[in-house]
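Student: Could you help me learn to read a protein structure step by step? I would like to take one feature at a time.

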Protein chains: 2
Amino acid sequence: MDRGVATASCTETAAAQIRPVTNAVESLLPCWQCGARSYGVCGGLARPELPRLASLVTVAKASRGKIFIHEGASAEHFYILIQGSAKLYKLLPDGRRQIIGFGYVGSFLGLADSENYSFSAEAIEPMRMCSLSRRSLQSLLSHSGALQQCLLEVAIHELALAQEHMMLLGRKTTIERVASFLLSQTKCPQPRGVLPPRIRLPMARGDIADYLGVTLETICRTIAKLAKRGVIAIPNVHEVVILDPSRLAALAKGDCA
Amino acid sequence: MDRGVATASCTETAAAQIRPVTNAVESLLPCWQCGARSYGVCGGLARPELPRLASLVTVAKASRGKIFIHEGASAEHFYILIQGSAKLYKLLPDGRRQIIGFGYVGSFLGLADSENYSFSAEAIEPMRMCSLSRRSLQSLLSHSGALQQCLLEVAIHELALAQEHMMLLGRKTTIERVASFLLSQTKCPQPRGVLPPRIRLPMARGDIADYLGVTLETICRTIAKLAKRGVIAIPNVHEVVILDPSRLAALAKGDCA
DNA sequence: CGTTATCTTGACGTACATCAAATGTCGTGG
DNA sequence: CCACGACATTTGATGTACGTCAAGATAACG
């Protein structure tokens, strides 16, 4: 049913393709990669649906610190992150900030329940993303039940994450928050070839603080405490090694002191 | 297109109806009512789709205190609340509780991103709800793009609410939390004929506390403080009158002290 | 290699939790 | 109808986890 509309060609090395459609196809290659991971939108799409997606998507870059979604602005575009990472946050009038989540490779960003974004997004590291206009997404959705299904699953998953985070923010102590955070990071895309216990923290301490609802100083102290207790080790500021996973898990659930 | 398969019988008073199909239609009447409100799932459904929905739904009751969704249990059913209200919550092993939301008339409850519920739900008041098996919902979704669309919107709206709540739990002071909560309650279905400034709080103080991430005592003190300042009045424990809406809104956003 | 941002550690203050007791509310049965 | 008991709410007294302020150490960057 999908005959060769020049779908394929999916490796980085095959850049020497001739037909112009190739570029579009290439832009969607990362979606396949995301799909390999758990919750990318593209992961749920069947092969025949990808060309249409590819034809509507453009690849954009953002350097560290670039704010590419502005809370309150008209929600014209959606993004699928294909490289780097981002922080999503909301602000109060006086500048207090709550980071509501981080975006990694495969994340779908920009879902809003009104005409406007309800949060901002800023690149933590140099970033690449697929950009999709609102109208394109609507068109895709109306043509593909699979995509709709997929997006629903993504939204429901995000909702479950948000609920877990509410529990953290409302009821957990600082050490439980940090333990939970470190554990959750182990489930994020990690650089290849590194063993599971070592995790990368691309974000600043202040970002972790605003994500966990405490201050920067408290984050420092708590991470130091975990290290002193031998639960983790800190080779450098942006990496953590989990020495005692089960104890960390127990701490995260508040099972012990 | 759906002829009378003599489905349910659903109203308390009109049990003497003759044509079997009437009951089915009637059972879905409350959906129409929800639709009048903003975010009921049924609200987005076109008339021709309702009979199919009605044929798969059964009406259930729950008395005050009844836990009808158990965190961790297999997610076999979804519910659409048609009367009363409920609290949704998660627990930590040691009993700490975070209420992640309240359900009112029109709420769709039970969305889970795995085979199991990720939260519990308990009736705050005597409750009636439409119950829908997981397989029924899947069947409905596969037949109706409109329903899928609708459910996506509901999920996205819930997500936005959750994000707003994260901001509240992570960064707002107690008085800001209470002000935000009272304001949000003004947007919930209220008993007919009552003027907007008076809001009903069916839940206990302890529920509000677990929703806002503080203690019961702090809730009492803060409500009392708002009353002392003349922002609200408290005719009785389960009702609040907003005397100064703009000041309450300012407090909720942290705009002033 | 200097400049600046980020991180870490310490000293002190405070908003909220905890503990405790009085008061109010509601359902039940005498 | 009223009296009783159980439970919810309110208010007070005290403790503490975390925030705030400040200074120094380390890392990032041009």
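Tutor: Gladly! Let us start with a definition: two residues are in contact if their C-beta atoms, placed from the backbone, lie within 7 Å. In chain A, among contacts between residues at least 6 apart in sequence, 69% join residues at least 24 apart. Please keep in mind that this is a predicted model, where local features need pLDDT of at least 70, side-chain atom pairs count only at pLDDT 80 or more, and totals for chains, interfaces and linings use all residues. Residues are numbered from 1 along each chain as its sequence is written, while chains are lettered from A and ligands numbered from 1 in the order in which they are written.

Student: How many helices and strands does chain A have?

Tutor: Helices (H or I, at least four residues) and strands (E, at least two) are DSSP runs, numbered from the N terminus. Chain A has 8 helices and 11 strands.

Student: In what order do the 4 strands of the open sheet in chain A lie?

Tutor: Two strands pair if DSSP finds at least two bridges between them. Here the order is S1-S8-S3-S6 in chain A, with antiparallel pairing. Strands S1 (58-62) and S6 (108-109) of chain A stand at the edges with a single partner strand each, so one side of each has no neighbour in the sheet. S1(A) is joined to S8(A), residues 127-133, by 5 bridges. One pair to look for is Ala60(A) with its bridge partner in S8(A), Met129(A).

Student: Which helix lies across S3 and S8 of chain A?

Tutor: For angles, axes are lines fitted to C-alpha atoms, for helices over the stretch in contact, and angles run from 0 to 180 degrees between N-to-C directions. The helix is H3(A), residues 134-143, and it runs at about 70° to S8(A).

Student: Which residues of H8(A) are buried?

Tutor: A residue is buried if 20 or more other C-beta atoms lie within 10 Å of its own, exposed if 12 or fewer, and partly exposed in between, with C-beta atoms placed from the backbone. In H8(A), residues 245-253, the buried ones are Leu248(A), Leu251(A) and Ala252(A). They lie on the same side of H8(A), because they cover an arc of only 100° around the axis; the arc is that of the directions from the helix axis to the C-beta atoms. Their cover includes helix H5 (174-186) and strand S11 (239-242) of chain A. Just after H8(A), Gly254(A) takes a positive phi of about 75°. Across chain A, 39% of the 257 residues count as buried.

Student: How many residues does each chain bring to the contact between A and B?

Tutor: Chain B brings 35 residues and chain A brings 35 residues. On the side of chain B that touches chain A, H5(B) gives the most, with 20 residues. For classes, Ala, Val, Leu, Ile, Met, Phe, Trp, Tyr, Cys and Pro count as nonpolar, Asp, Glu, Lys and Arg as charged, and the others, Gly among them, as polar. That side of chain B has 15 nonpolar, 11 polar and 9 charged residues.

Student: Which residues come nearest to DNA strand D?

Tutor: A residue is near a strand if its C-beta atom, placed from the backbone, lies within 6 Å of it. Of the 19 residues around DNA strand D, the nearest are Val214(A), Thr218(A), Ala204(B), Arg205(B) and Ala224(B). H8(B) gives the largest share of this surface, 6 residues.

Student: And which helix gives the most to the surface near DNA strand C?

Tutor: That is H7(A), with 6 residues.
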